Amino acid sequence: MTLTLESQPINLAHPRSWKQAMWRGFTCSCPACGKGRLFGKYLKVADACSACGEELHHHQADDAPPYFTMMIVGHIVVPLVLVVEKIWHPDVSVHFMLWTAVVLSMTFALMPAVKGAIVGLQWANRMHGFDRHVRHCHDRHVGTLLYQFSLAQGNTAIAVWHVAT
């Protein structure tokens with residue numbers, strides 16, 4: 001049995017800017033206020049913002065940050081390798097040492113920023129529990145949440161539940 005619950009129209013405080021949220025995440029700041037730290041450790045997202053209290057533990061960045069980081073680093077490093085080879089013709093061992101260091105440095109430098117941008121995008125789009133209204137509905141009902149979403153223009157939150165009979 002599938003139960004569909006549609007709430008009364010809710011008044012969303014304000015639409016969230018995905019550009020601002022992604023920039024704040026990219027700078028490793030809270031996507032909500034921009035003041036608190038997004039990460040408690042190198043890649044461990046803090047449970048909540050220390051400045052505004054926004055819960056951040058809902059994120060589900062998964063494999064997106066490493067994928068995007070590899071794409072960014074690859075698109076920067078490959079042309080540089082070709083240019084260095086064309087101009088200076090260094091030995092293979094020089095290539096190995098140089099590009100290993102460059103790739104690792106860029107990857108470790110960019111990974112938190114890219115993960116922060118992904119978390120910021122999820123926060124701006126109210127994904128994965130970043131929508132307080134839908135989380136409240138989840139706490140009141142017993143069952144498995146099949147999917148949830150909010151429509152900012154229509155101010156309607158919709159949650160579809162599967163209830164075991």
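Let me begin with confidence, where the chain averages a pLDDT of 83, and 72% of the residues score at least 70. Over residues 138–143, however, pLDDT stays under 50, and for that stretch the model has 7 contacts beyond four places in sequence. Where pLDDT is low, the predicted coordinates should not be read in detail.

Now to the cysteines: how many disulfides does a search of the whole structure find? The search finds 0, and Cys-30, for example, is in no disulfide, with the nearest cysteine sulfur, that of Cys-49, lying 3.6 Å away. Cys-30 counts as buried, because its relative accessibility is 0%. For Cys-33, the closest cysteine sulfur is also in Cys-49, and because the distance is 3.7 Å, the two are too far apart for a bond.

Turning to the surface, a nonpolar patch is formed by Tyr-67, Phe-68, Met-70, Met-71, Ile-72, Ile-76 and Leu-80, which together have about 650 Å² of accessible area. One of these residues, Leu-80, has its place in helix 2, which covers residues 64–88, and Leu-80 counts as partly exposed because its relative accessibility is 39%.

Finally, consider His-95, which is found in helix 3, residues 92–124. Is His-95 buried or exposed? His-95 has a relative accessible area of 14%, and since buried means under 20%, this residue is buried. Leaving aside residues up to four places away in sequence, His-95 touches Val-81, Val-84, Glu-85, Pro-90 and Thr-100.

Conventions:
Residues numbered from 1 in each chain as written. Predicted model: local features only at pLDDT ≥ 70, side-chain atom pairs only at ≥ 80, totals over all residues. Heavy atoms only, no water. Patch = residues over 30% accessible without salt bridge, like charges linked within 9 Å, V, L, I, M, F, W, Y side chains within 5 Å. Areas by Shrake-Rupley, 256 points an atom, 1.4 Å probe, with all protein chains shown as cover. Salt bridge = Lys/Arg side-chain N within 4 Å of Asp/Glu carboxyl O. Helix = DSSP H or I, 4+ residues; strand = E, 2+ residues; numbered from the N terminus. Buried < 20%, exposed > 50% of the residue type's maximum accessible area, 1.4 Å probe, protein only. pLDDT = per-residue confidence, 0-100. Contact = heavy atoms within 4.5 Å. Disulfide = S-S within 2.5 Å.
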